[in-house]
Amino acid sequence: MVRGAGEGLRRLSLLLLLLWPGPLATPGMEDATFPHLGESSQPPPRACPPRCSCPRADTVDCNGLDLRVFPDNITRAAQHLSLQNNQLQELPYNELSRLSSLRTLNLHNNRISSEGLPDEAFESLTQLQHIYVAHNKLSVAPQFLPRSLRVADLAANQVMEIFPLTFGQKPALRSVYLHNNQLDNAGLPADAFRGSEAVATLSLSSNRLRYLPPSLPASLERLHLQNNLISKVPRGALSHQTQLRELYLQHNQLTDNGLDATTFSKLRSLEYLDLSHNQLATVPAGLPRTLAVLHLGRNRIRRVEAGRLRGARALRYLLLQHNALGSAGLPAGALRPLRGLHTLHLYGNGLDRVPLALPRRLHALVLPHNRVAALGARDLASTPGLAELNLAYNRLASARVHRRAFRRLRGLRSLDLAGNQLTRLPTGLPAGLRALRLQRNQLRGLEPEPLAGLDQLRELSLAHNRLRVGDIGPGTWHELQALQVRGRLVSRAVPTPPLPA
């Protein structure tokens, strides 16, 4: 019996082995790809700090959450970390230093002080390319930023000092923003950009600089220095910036003594120069031939010497508004060398006549708020291509506007004579005129003859004159078939003309 039972047990074991689908599982031999009891076949969710969003495996966005503490649970794989618009006051070294893969760190608009931004925190961020710490409470810049940096924004803080390795020794650095701080020249070391030969944009506007800093990167293309206390550009300070295209020096304290003939002469790529809102009495000498826009508004310039502009033959826009140019301020032919000049802006000076012998290709002449009292037959003869003429708020009277004053301006499209002393419409207006502004004069009547042939006129401004319904001659509106009447264009005292059939 015992032998029979043993034989049956062996046969049963053999049958079970034949029916079993595979080898018995042993510890350490489980199939990792096989879903076990209670588990999902989906990958586990990515770790993301509470309330933040993580749209990609390398991106953590904690923008505008009113955070007061640096979030934990940030993945080490994060390359882009956004913490702007919060209430952070400090960055813990142990949290930041472990994020060695970071490429972008955005801390814009927090409450971070220099004490809350430890220098050693950046030592491990060897791949960081973009750092944004604008609108915080930094009093000094970090002493060290990673060599890999490309863009650094420390604007709108209270920074009084930067250090040699803040921006120095950064071969890939392209843009540095330091505007709206409290930097003076002592806080900007001479070697601040040594070893950073790719910087193209540097913004130092709205600080406390008293002279243009020396040793700026030779690679600069845009330099913002507006709203400082600069009274001098030291000799040679701009001698190496041959790639500079835009230079902003407006709202400073520059005088003629603070510049010399070599200040701008080496800037052979310069296209835009803004020197407005300074204390210059003359046009600077040595302007480069590449210059396209020269802004000299709101200075103390009394006279424009022809020799000062002779080198700037590519000039397209010359802005001289709100200076002290009087009757002899712009001698005849002073601007003639500027053959490509497109716009001449002379608003708010003391000119008593239209400047003579202007460049033939001039497109726009802006002369409001001067003292021009007369227009002769040939005063505008040198500018046959003029398309816009603004003589508003001068002292023009009808008796002193020659009947042929505008006849040569065949391309004129806009004529502004508002705010003068005209008692009748000017005659000889070009047929292509589209806008005629005559508001705030002394017009007493409208006759059809001066408007004859103005079939392209779209805008006619007559408000605030002395017109009455009976002062409008028969057929006047018939001459203006293309006029599109709007309520603001015609004085309330003038009836609306019938629309063309």
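Reader: Which pattern do the disulfides of the protein follow, with bonded cysteines counted along the chain?

Author: A disulfide is a pair of cysteine sulfur atoms within 2.5 Å. Here the pattern is 1-3, 2-4, and the structure holds two disulfides. The model is a predicted one, in which local features need pLDDT of at least 70, side-chain atom pairs count only at pLDDT 80 or more, and totals for chains, interfaces and linings use all residues. Residues are numbered from 1 along each chain as its sequence is written, and side-chain values use heavy atoms, leaving out hydrogens and water.

Reader: How far apart are the sulfur atoms of Cys 48 and Cys 54, and why is their disulfide right-handed?

Author: The sulfur atoms of Cys 48 and Cys 54 are 2.0 Å apart. The torsion about their S-S bond is about 85 degrees, so this disulfide is right-handed.

Reader: Which parts does the pair of Cys 52 and Cys 62 tie together?

Author: Cys 52 is joined to Cys 62 with an S to S distance of 2.1 Å. Cys 52 lies in the loop between helix 1 (2-19) and strand 1 (53-56), and Cys 62 in the loop between strand 2 (59-61) and strand 3 (80-82), so the pair ties together parts that are ten residues apart in sequence. Helices (H or I, at least four residues) and strands (E, at least two) are DSSP runs, numbered from the N terminus.

Reader: Is Cys 54 buried or exposed?

Author: Buried means under 20% relative accessible area, exposed over 50%, and partly exposed in between (1.4 Å probe, protein chains only). Cys 54 is buried at 17%, whereas Cys 48 is partly exposed at 22%.
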